[in-house]
Amino acid sequence: MTPAARIAAAISLLDRIASGDPAERALTNWARTNRYAGSKDRAAIRDHVFDALRCRGSFAALGGGEQGRALMLGMMRAQLIDPDALFTGEGYAPQPLTDTERAAFEAAAPENIAALDWPAWLRPILQADLGADYPAISQAMRARAPVFLRVNLAHGTRDQAQTALAGEGIIAQPHVLAETALEVTQGARLIQRSQAYLNGLVELQDASSQAAAALLPLAPGDRVLDYCAGGGGKALAIAAACPQARIFAHDADPGRMRDLPARAKRAGARITQRPPGDPGAGYDVVLVDAPCSGSGTWRRTPEAKWRLDPARLSELCALQAQILMAAADLVAPEGALAYMTCSVLQAENEDQLNKIADYGWSVEIARRFSPQSGGDGFFAAVLRRSQGAR
Ligand SMILES: C[S@@+](CC[C@H](N)C(=O)[O-])C[C@H]1O[C@@H](n2cnc3c(N)ncnc32)[C@H](O)[C@@H]1O
């Protein structure tokens, strides 16, 4: 496909997504019905679509509208690409610009363009929560997220993993956020078929999540509960960091843990699943990796940011408080309660710690991870019962 034909495909996909099709489904259906498109075409079209979803506000402002054509024109303007070279109407290229489109394309650009890529209702909240970092974080969230691997130190060193991956065409560099983190700079599409991955030497995990897991106070023999285990990313990181810990995984929706046995087998980890509503008790460490807005990960899931609304955010905050209270009861008297979200919103992070402080929990560690450091926006805290509350 020509670059112009890829733009035309992205335009039609963006219009389908705007009419309610989830992006992944729209892309899969498009690939099924357009078999002539090769893997490079599909990857380029996917990148256009996700770039436009991530930067929907700014591309709409630059391109003069929310439809697929305007978004692609906005993208060209943002990337300083001449639209007349691609919007030619020849072959499978999009039709040439109308006078109205040209006027929009040439109009003065709005100010603070990066802020437009947050939903309007959230901008003042983020501005207050992120303070001086708001402009830089807004900018960082418009870029594609890097691919990170966690090296399973129980199976080999980071150097060994880097060498093994390079032998399979995957180039990865150590990342400063965590001693287990490698950032993949080439060959990301080969990861899941590589021996390094299949043998459990590496696992896909964002660098901020890795750094957050490294904050957990783990000791050999500890009983550790991952209360909101989902696919088990944190439980697996815990197993790799402290192979002598006894690890338990629980989730209100056991279906979310369906991949965990295979992932644990690959990693050589023993993780015991607990049935929903029966998590056990008396743990040395209980981790709540809470359901959240995901605002720190919206580079990867840009549709989610346009779906979130104030009512859903309030619901999530209430659920987080409720989960944290329930999990606190499962901690042994001298044990630790850990709280994490992949959100950059104070309401989901520090405010939750303030609420549980009223029940005798004090903060030992609290750390915000900013997408400016490369990984996702993330929050992690470790709490202990205050003196007298034990
Ligand atoms: C952020 S995800 C967990 C991600 C996972 N820890 C990982 O690293 O891959 C949050 C999980 O919380 C679960 N959850 C939601 N409500 C819950 C509740 N009341 N009790 C326990 N888990 C809950 C969801 O099913 C979801 O799998």
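In strand E6, Phe248 is the bridge partner of Leu225. The two strands concerned, E5 (residues 223-226) and E6 (residues 246-249), are paired in the parallel sense over 4 bridges, where pairing requires that DSSP find at least two bridges between two strands. The structure is a predicted model, in which local features need a pLDDT of at least 70 and side-chain atom pairs count only at pLDDT 80 or more, whereas totals for chains, interfaces and linings use all residues. Residues are numbered from 1 along each chain as its sequence is written. Helices (H or I, at least four residues) and strands (E, at least two) are DSSP runs numbered from the N terminus.

Strands E5 and E6 are part of an open sheet of 7 strands, whose order is E7-E6-E5-E8-E9-E11-E10 and whose pairing is mixed. At its edges lie strand E7 (271-273) and strand E10 (361-369), each of which pairs on one side only. On average, and with direction ignored, neighbouring strands of this sheet are turned by 20° against each other; here and below, axes are lines fitted to C-alpha atoms, for helices over the stretch in contact, and angles run from 0 to 180 degrees between N-to-C directions.

Helix H16 (residues 350-357) lies across strand E9 (331-341), E10 and strand E11 (378-385), and its direction makes an angle of about 175° with that of E10.

A separate strand order, E2-E3-E1-E4, describes an open sheet of 4 strands with antiparallel pairing. Strand E2 (171-174) and strand E4 (202-204) are the edge strands of this sheet, each pairing on one side only, and the twist from one strand to the next averages 40°. Within the sheet, strand E1 (residues 147-151) and strand E3 (residues 181-186) pair in the antiparallel sense over 4 bridges, and Leu182 in E3 is the bridge partner of Leu149.

Several helices pack against one another. Helix H1 (residues 3-18) and helix H3 (residues 39-54) meet at an angle of about 50°, with their axes 9 Å apart, and H1 is therefore oblique to H3, given that angles under 35 degrees count as roughly parallel, over 145 as roughly antiparallel, 65 to 115 as roughly perpendicular and the rest as oblique. The crossing of H1 and H3 is right-handed, a term used if the near helix is turned clockwise from the far one by less than a right angle. In H1, Arg6, Ile7, Ala9, Ala10, Leu13 and Leu14 meet Asp41, Ala44, Ile45, His48, Val49 and Ala52 of H3, contact requiring C-beta atoms, placed from the backbone, within 7 Å. By class, the contact of H1 with H3 has 9 nonpolar, 1 polar and 2 charged residues, where Ala, Val, Leu, Ile, Met, Phe, Trp, Tyr, Cys and Pro count as nonpolar, Asp, Glu, Lys and Arg as charged, and the others, Gly among them, as polar.

Helix H1 also packs with helix H5 (residues 68-78), at an angle of about 130° and with the axes 8 Å apart, so that H1 is oblique to H5. This crossing of H1 and H5 is likewise right-handed. Ile7, Ala10, Ile11, Ser12, Leu14 and Asp15 of H1 make the contact with Gly68, Arg69, Leu71 and Met72 of H5, and by class the residues comprise 6 nonpolar, 2 polar and 2 charged.

Helix H4 (residues 56-63) and H5 pack at an angle of about 90°, with their axes 7 Å apart, which makes H4 roughly perpendicular to H5. Arg56, Ser58, Phe59, Ala60, Ala61, Leu62 and Gly63 in H4 meet Ala70, Leu71, Leu73, Gly74, Met75, Arg77 and Ala78 in H5, and this contact has 9 nonpolar, 3 polar and 2 charged residues.

The ligand has 15 residues around it, of which Cys228, Gly230, Gly233, Ala252 and Asp289 come nearest; a residue is near a molecule if its C-beta atom, placed from the backbone, lies within 6 Å of it. By class, the shell around the ligand has 6 nonpolar, 4 polar and 5 charged residues.

Technical notes:
Contact = placed C-beta atoms within 7 Å.
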